[in-house]
Amino acid sequence: MVVLNRIYTRTGDDGTTALASGARRAKFDLRVSAYGTVDETNACIGLARLHCASEDPELDAMLGRIQNDLFDLGAELASPDTGEKPAFEPLRIVQAQVDRLEAEIDQLNRPLGTLRSFVLPGGTPGAAHLHLARTVSRRAERLMVELSQGEGENVAQPALKFINRLSDFLFVASRHLNARAGGDVLWTPGQNR
């Protein structure tokens, strides 16, 4: 259970932060950067939801579930598997969360037309915020993959699959919102030469 009764503790004043185990890591540590960027993705989705709540309650509900899953992912990244028995069972992303994302991607993508050009990030305010969330989630994915390659570090496959599917979901969700408002903003190669 999480209990937050004091917001500042001063324990990070030395440039370190605690993992769930209590182990200290530098605030620029790759693991800390990965879960910090997952948190940043979550905040971007929160902004997108400001525009989706009234326009598309079903999409808003999907995004709400994703925000909760992103806290699960952050908890997983803050609780690395060290091979030792932990004092508590840490949260882990499971395949069912990946499967749900895939099903929702398919649901949103089904009515959309085939793309014949790249999409420029933009369109409706909600779609633009989803594109921003997509790019931040891609950065989180790059950090997680890099972390998974580090000696003594690990990131489980379901977590890597989830963050990869998330950017796909956010792309399709942005197209879904733009389709309701007249369509995507498409790239025109060499348009301004």
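**The aromatic contact and its surroundings**

Modeller: Phe 118 is exposed, with a relative accessible area of 63%, where exposed stands for over 50%, buried for under 20% and partly exposed for what lies in between, computed with a 1.4 Å probe and protein chains only. Please keep in mind that this is a predicted model, in which local features need a pLDDT of at least 70 and side-chain atom pairs count only at pLDDT 80 or more, while totals for chains, interfaces and linings use all residues. Residues are numbered from 1 along each chain as its sequence is written, and side-chain values use heavy atoms, with hydrogens and water left out.

The structure holds one aromatic pair, by a rule that asks for ring centres of Phe, Tyr or Trp (its six-membered ring) within 6.5 Å and calls planes under 30 degrees apart stacked, over 60 edge-to-face and the rest tilted. The pair is formed by Phe 118 and Trp 187, and it is tilted because the ring planes stand at 45°, with the centres 5.7 Å apart. Since Phe 118 lies in the loop between H3 and H4 while Trp 187 lies in the segment after H5, the pair ties together parts that are 69 residues apart in sequence. Trp 187, at 39% relative accessibility, counts as partly exposed.

To place these elements, the protein has five helices and two strands, taken as DSSP runs (H or I of at least four residues for helices, E of at least two for strands) and numbered from the N terminus. Along the sequence they follow the pattern β-β-α-α-α-α-α. The C-alpha atoms fill a box of roughly 50 × 40 × 30 Å along the principal axes, and 40% of the 193 residues count as buried.

Next come the helices. Two packed helices are described by the angle between their axes and the distance between the axes. The axes here are lines fitted to C-alpha atoms, for helices over the stretch in contact, and the angles run from 0 to 180 degrees between N-to-C directions. For helix H4 (residues 125–148) and H5, the axes come within 9 Å and cross at roughly 165°, which makes H4 roughly antiparallel to H5, a label used for angles over 145 degrees, with under 35 counted as roughly parallel, 65 to 115 as roughly perpendicular and the rest as oblique.

In the loop between H4 and H5 we find Gly 150, which is partly exposed at 28% relative accessibility. Its C-alpha lies 9.3 Å from that of Leu 30, although Gly 150 and Leu 30 are 120 residues apart in sequence.

H2 and H3 pack at an angle of about 155°, with their axes 12 Å apart, and are therefore roughly antiparallel to each other; their crossing is left-handed.

Charged contacts complete the picture. Side chains of opposite charge can pair when their charged atoms come close. A salt bridge is a side-chain nitrogen of Lys or Arg within 4 Å of a carboxyl oxygen of Asp or Glu, and by this rule the count comes to 11. One of them joins Glu 102 and Arg 165, with the closest N and O atoms 2.7 Å apart; it links distant parts of the chain, as Glu 102 lies in helix H3 and Arg 165 in helix H5 (residues 157–180), 63 residues apart. Glu 102 counts as partly exposed at 29% relative accessibility.

Arg 100 forms a salt bridge with Glu 104, the closest N and O atoms being 3.7 Å apart. Because Arg 100 and Glu 104 are four residues apart in helix H3 (residues 95–109), about one helical turn separates them. Arg 100 is partly exposed, with a relative accessible area of 22%, whereas Glu 104 is buried at 6%. Arg 100 and Glu 104 are linked with Arg 65 and Asp 69 in a network of salt bridges.

Notes. A crossing is left-handed if the near helix is turned anticlockwise from the far one by less than a right angle, and right-handed if clockwise.
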